Amino acid sequence: MHALSLASEAKKLVIPVRYVARGLVVHATSTALSADEVHVRSATPPPREVLIGFKLYFPDAVGIVNRSGVVADSFGDEFRAEFKDSDDIARRRISELLWRREIGLRPCPRFHTNLHTIVRESGQAKSEGYITNISRSGAFVRLGALPRRGSVVELDISSLPELAGYHTVHAYVVHVAPRRGVGVQFIGGGDAFGSDLDRYLEQSGR
C-alpha cells in the first residue's frame, strides 16, 4: 500500500480528526500535519476538490481546533487536504502542538482497559480479542489470529463500561506484535462512537 508523499512542511503526527464531507461525518486519524495542511487516514476518503470541515483533537491545553479545507490529493485510504481558512490563532495552536511533539510529548494519552471486541478482516474469519489499551486515536488489540500490517479491519466493541456504546469502527493496522496482538488507528467511526469514547477516556483519567 502506498502512502501520500509528505509536503516539506508537514510532519508525521497521529491525532484524532473529525471531518464532515458532503454531509458525511467521519472520525478518523491524521498521519501528518502542518499549519497549512493535514494528511488523514480514513476508511472512506473523499474525492479531490471537496470542501471539508475539520475538528482536530489536540491534547491538554491545545484542545480542539476547527479548520476548513479542500481535498488536494487522495490515494488508497489516505487523503491530503489544504486548509483554506485564514485563522491565525488556529495556525499558532497547530504550531504549538508540533513543537510539543518535537520535544517528545505523547499527543494522545493511553489508558489500560479490557474491552471485548470482534475483529473482522476482509476475506478472513472473524476473531475475538480484547482491547488492552486505548486512546482517542487508536488502541492495542490482543488477538490470536493477527491481521496483516497495513490492512483495514472492522472492530465491534461490545460495550464501553457505564456507557450505551456498542460500536463498529474501522481501524488501520499500524503494527503487528507476533503472538500478542496489533496496534490500530481508528479511521472510520461516527459521532456516537467519538462521544462515547471521549466520555470513557475522561472517566478512565480520573
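**Close-up views of a predicted model**

Arg 199 is partly exposed, with 38% relative accessible area, in this predicted model. The legends below begin with that residue and its neighbour, then move on to other parts of the chain.

View 1. Asp 196 has a relative accessible area of 7%, so Asp 196 counts as buried, whereas Arg 199 is partly exposed.

**View 2. Arg 18 meets Asp 191 in a salt bridge.** Here the closest N and O atoms lie 2.8 Å apart. Because Arg 18 sits in strand 2 and Asp 191 in helix 2 (residues 191-204), the pair ties together parts that are 173 residues apart in sequence. Arg 18 is buried at 16% relative accessibility, while Asp 191, with a relative accessible area of 35%, is partly exposed.

**View 3. Arg 41 and Glu 78 are joined by a salt bridge.** Look for the closest N and O atoms at 3.3 Å. Strand 4 holds Arg 41 and strand 7 holds Glu 78, so this pair ties together parts that are 37 residues apart in sequence. Arg 41 and Glu 78 are both buried.

**View 4. Several charged residues are linked in a network of salt bridges.** The members to pick out are Glu 37, Asp 73, Arg 80, Glu 82 and Lys 84. For context, a search of the whole structure finds 13 salt bridges.

**View 5. His 27 is a buried residue of strand 3.** Its relative accessibility is 4%. The side chain of His 27 makes a polar contact of 3.2 Å with the side chain of Arg 136. Leaving aside residues up to four places away in sequence, His 27 also touches a run of others, among them Val 17, Tyr 57, Phe 186 and Gly 194.

**View 6. The largest nonpolar core of the model contains 24 residues.** Tyr 19, Leu 33, Phe 54 and Leu 56 have the most contacts inside this core. At least two core residues come from each of strand 2 (16-21), strand 3 (24-33), strand 4 (37-41), strand 5 (51-57), strand 6 (64-75), strand 7 (78-83) and helix 1 (88-102). Helix 1 gives the largest share, 4 residues. As general background, nonpolar side chains tend to be buried together in soluble globular proteins.

**View 7. Leu 56 can be viewed with the residues it touches.** Not counting residues up to four places away in sequence, the neighbours of Leu 56 include Ile 15, Pro 16, Val 17, Leu 33, Phe 83 and Ile 94. Gly 63, Ile 64, Val 65 and Arg 67 are also in contact with Leu 56. A second, separate core of 20 residues includes Ile 134, Ala 171, Phe 193 and Leu 197.

**View 8. The whole chain has 2 helices and 13 strands.** Of its 206 residues, 50% count as buried. Its accessible surface comes to about 10300 Å², and 49% of that belongs to carbon and sulfur atoms. Among contacts between residues at least 6 apart in sequence, 57% join residues at least 24 apart.

Definitions and conventions: Residues numbered from 1 in each chain as written. Predicted model: local features only at pLDDT ≥ 70, side-chain atom pairs only at ≥ 80, totals over all residues. Heavy atoms only, no water. Core = buried A, V, L, I, M, F, W, Y, C linked by side-chain atoms within 4.5 Å. Buried < 20%, exposed > 50% of the residue type's maximum accessible area, 1.4 Å probe, protein only. Contact = heavy atoms within 4.5 Å. Salt bridge = Lys/Arg side-chain N within 4 Å of Asp/Glu carboxyl O. Areas by Shrake-Rupley, 256 points an atom, 1.4 Å probe, with all protein chains shown as cover. Polar contact = N/O pair within 3.5 Å; in protein donor to acceptor, adjacent residues only side chain to side chain.
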